[in-house]
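Dear colleague,

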Amino acid sequence: MRITVSISATIRLLKMTEHLPLFIEGEVVKGFGRGSKDLGCPTANYSLEVVKSLPERLEPGVYYGWAKVDNGPVYEMVANVGWCPFYQNKQMSVETHIIHKFEDDFYGSQLKIALAGYLRGEKNFDSLDGLIEAIKQDIENANQNLKSTSALNLKNHQFFSNVI
Ligand SMILES: Cc1cc2nc3c(=O)[nH]c(=O)nc-3n(C[C@H](O)[C@H](O)[C@H](O)COP(=O)(O)O)c2cc1C
């Protein structure tokens, strides 16, 4: 019994990390705007074309990593990949919350992200407050995990160094 549990946990871990680190690049387009309005957590969306170009077997869920807008600095980020069960979206999306306060929207900018690690699966919640609390915890966990040497090496990856 214990062996079965451990094998299935190992397979799951492999599925979650199979494609990491994953580099994604594209223009920021308008989402539903609920990130800022409902959650107090602005998110940057990619077009469907970018989302469709992702590995087919990429595990839906919340990832942590690094993000860069145009030629700006590289910031910490958390990103949700999937269908947002709380809002029951019809299309898959990649929504990146950059852990930095921007003064203005940056629709039309080029956003580069590197997914470094997997935090958890997408969940449904009984209330908006439940989702907000989960995202706060994700941000804390990302902040901790991004202190590791491998995560810091990824921040310096040449993916981020090419000037647009
Ligand atoms: C770190 C993070 C975690 C998220 N976790 C969930 C989740 O567990 N369940 C869910 O339905 N949506 C989750 N979301 C997605 C939010 O519901 C989504 O970003 C929000 O609806 C804003 O989307 P919009 O800007 O397209 O309106 C998460 C988003 C982020 C940034």
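To begin with the build, how many helices and how many strands are there in the chain? Please keep in mind that this is a predicted model; in it, the chain has five helices and six strands, and, read along the sequence, these follow the pattern α-β-α-β-α-β-β-β-β-α-α. The C-alpha atoms fill a box of roughly 55 × 40 × 30 Å along the principal axes. The radius of gyration is 16 Å, which agrees with the value near 15 Å that a compact globule of 164 residues would have. Of the contacts in the chain with a separation of 6 or more, 70% are between residues 24 or more positions apart, and buried residues make up 24% of the 164 residues.

Strand pairing comes next, with E4 (74–82) as the strand to follow. E4 pairs with E3 in the antiparallel sense over eight bridges, and tyrosine 63 has alanine 79 of E4 as its bridge partner. E4 is also joined to E5 by six bridges, again with the two strands running antiparallel, and here valine 78 has histidine 97 of E5 as its bridge partner. Seven of the nine residues of E4 are buried, so this strand is largely enclosed by the rest of the structure.

The largest nonpolar core has 27 residues, and those with the most contacts inside it are Trp66, Met77, Ala79, Ile113 and Ala116. The elements that give two or more residues to this core include strand E1 (22–29), strand E3 (61–69), strand E6 (110–120) and helix H5 (149–155), while the largest share, six residues, comes from E3. Which residues does methionine 77 touch, leaving aside those up to four places away in sequence? They are Gly65, Trp66, Ala67, Thr96, His97, Ile98, Ile99 and Ile113.

There is also a ligand, with 24 residues around it, and of these Gly31, Phe32, Arg34, Asn80 and Phe86 come nearest. Two or more residues of this shell are given by each of helix H2 (34–37), strand E4, strand E5 (93–98) and helix H4 (128–145), and H4 gives the most, with four residues.

Finally, some details of the backbone deserve a look. Most residues other than glycine have a negative phi, and most peptide bonds are trans. Against that background, leucine 20 and proline 21 are joined by a cis peptide bond with omega about -5°, and proline 21 is placed in the loop between helix H1 (2–17) and E1. Aspartate 70, in the loop between E3 and E4, has a positive phi near 45°; the hairpin of these two strands has four residues between them. Is aspartate 70 buried, exposed or partly exposed? Because aspartate 70 has 13 C-beta neighbours inside 10 Å, it counts as partly exposed. Glutamine 88 lies in the loop between E4 and E5 and has a positive phi of about 50° although it is not a glycine; with 8 other C-beta atoms within 10 Å, glutamine 88 is exposed.

With best regards

Conventions: Residues are numbered from 1 along each chain as its sequence is written. This is a predicted model: local features need pLDDT of at least 70, side-chain atom pairs count only at pLDDT 80 or more; totals for chains, interfaces and linings use all residues. A residue is near a molecule or strand if its C-beta atom, placed from the backbone, lies within 6 Å of it. A nonpolar core is a set of buried Ala, Val, Leu, Ile, Met, Phe, Trp, Tyr and Cys residues joined through C-beta atoms within 7 Å. A residue is buried if 20 or more other C-beta atoms lie within 10 Å of its own, exposed if 12 or fewer, and partly exposed in between; C-beta atoms are placed from the backbone. Two residues are in contact if their C-beta atoms, placed from the backbone, lie within 7 Å. The radius of gyration is taken over C-alpha atoms; the globule rule is 2.2 Å times the number of residues to the power 0.38. Two strands pair if DSSP finds at least two bridges between them.
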